[in-house]
Amino acid sequence: MITTIEELSLNAWASLQTVLYDGWVLRFANGYTKRANSVNPIHPSSLDIEEKIRFCENHYQDRNLPVVFKLTPTVYPSDLDEKLATNGYRKESSTSVQIVDLNAAGVQVGDQVDLRESLPDEWLDAVCRMSSAAEKNQGTLRAILSNIVPRHCFVSLRYGSEIVACGMGVLQSEYVGLFDIVTDPAFRGRGYARQVVNGILAWGKQNKAQRAYLQVEIGNTPAQHLYTKLGFTENYQYWYRVKP
């Protein structure tokens, strides 16, 4: 299950460049998000571990990017986390990966939810505004979203004429993944995020998805509470190791 969700996540959040190296997936996207700029050791490997770490460090340092590894309980080799810690890599951004069975989930979609299967400029502008994305990263974000291969949708919710909540769903292999669920700080606590999530889940069910998955940082209590109410339960956690 972990490898399946990790592969789906790699496809759902596209990097701009990818290098495959002895079972490891190295991703590069101009430094925008750890997810798109990290080493993903999700498949078995055979080369010397120290040699592989040096290979990765050289590739990221050549691009003036931080050296970041994304780790799960099933990485290869199994003691990679300990080896990185010994080499001075610090642990960051522990995240809960949660799943819900869509056949058992009750989904109600409000009339105000707008869903598109191509990227609207106003959706992208709203995400950048609500997540305070730096101007230098906005072109990279557009490229990441434009490079997604599996079928996907962009959901938004308005208050008056302004988008105040939005999110993205990506459909593959009977799973729908939820990404970039964000609400304007001035409109939080009003149930808008729940309507956005329900819109994505309903779209997934309509297109034969059997399960939904999402990733939420451990410290994000409001989001954790929302997803629990919707029936999501933790399947595993991942975290990053970052070279100082």
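Student: What volume does the largest pocket have?

Tutor: About 1,200 Å³. Keep in mind that this is a predicted model, where local features need pLDDT of at least 70, side-chain atom pairs count only at pLDDT 80 or more, and totals for chains, interfaces and linings use all residues. Residues are numbered from 1 along each chain as its sequence is written, and side-chain values use heavy atoms, leaving out hydrogens and water. On a 1 Å grid over the protein atoms alone, a pocket is an open set of points with protein on both sides within 12 Å along at least five of seven lines, while a cavity is a set where a 1.4 Å probe fits but cannot get out. Points are joined across faces, edges and corners, and a volume is the space filled by probe spheres set on them.

Student: Which residues lie nearest the centre of the largest pocket?

Tutor: Ile181, Val182, Asn220, Ala223 and Tyr227, out of 37 lining residues; lining means having an atom within 4 Å of a point. Elements giving two or more residues to that lining include strand S9 (175-183) and helix H7 (221-229). Helices (H or I, at least four residues) and strands (E, at least two) are DSSP runs, numbered from the N terminus.

Student: And which residues line the largest cavity?

Tutor: Asp114, Arg116, Pro120, Glu122, Trp123, Phe154, Ser156 and Ile163. The volume of the largest cavity is about 30 Å³.

Student: How do I read a pair of packed helices?

Tutor: Two packed helices are described by the angle between their axes and the distance between the axes. Here, the axes of H4 (residues 121-130) and H5 (residues 135-146) come within 11 Å and cross at roughly 130°. That makes H4 oblique to H5. Axes are lines fitted to C-alpha atoms, for helices over the stretch in contact, with angles from 0 to 180 degrees between N-to-C directions. Under 35 degrees counts as roughly parallel, over 145 as roughly antiparallel, 65 to 115 as roughly perpendicular, and the rest as oblique.

Student: Which residues make the contact?

Tutor: From H4, Asp121, Trp123, Leu124, Val127 and Cys128; from H5, Gln138, Leu141, Arg142 and Leu145. Contact means heavy atoms within 4.5 Å.

Student: Where is Pro77?

Tutor: Pro77 is in the loop between strand S4 (68-71) and helix H3 (80-86). The peptide bond from Tyr76 to Pro77 is cis, with omega near -5°.

Student: What about the backbone at Asn64?

Tutor: Asn64 has a positive phi of about 55°, although it is not a glycine. Asn64 sits in the loop between helix H2 (49-62) and S4.
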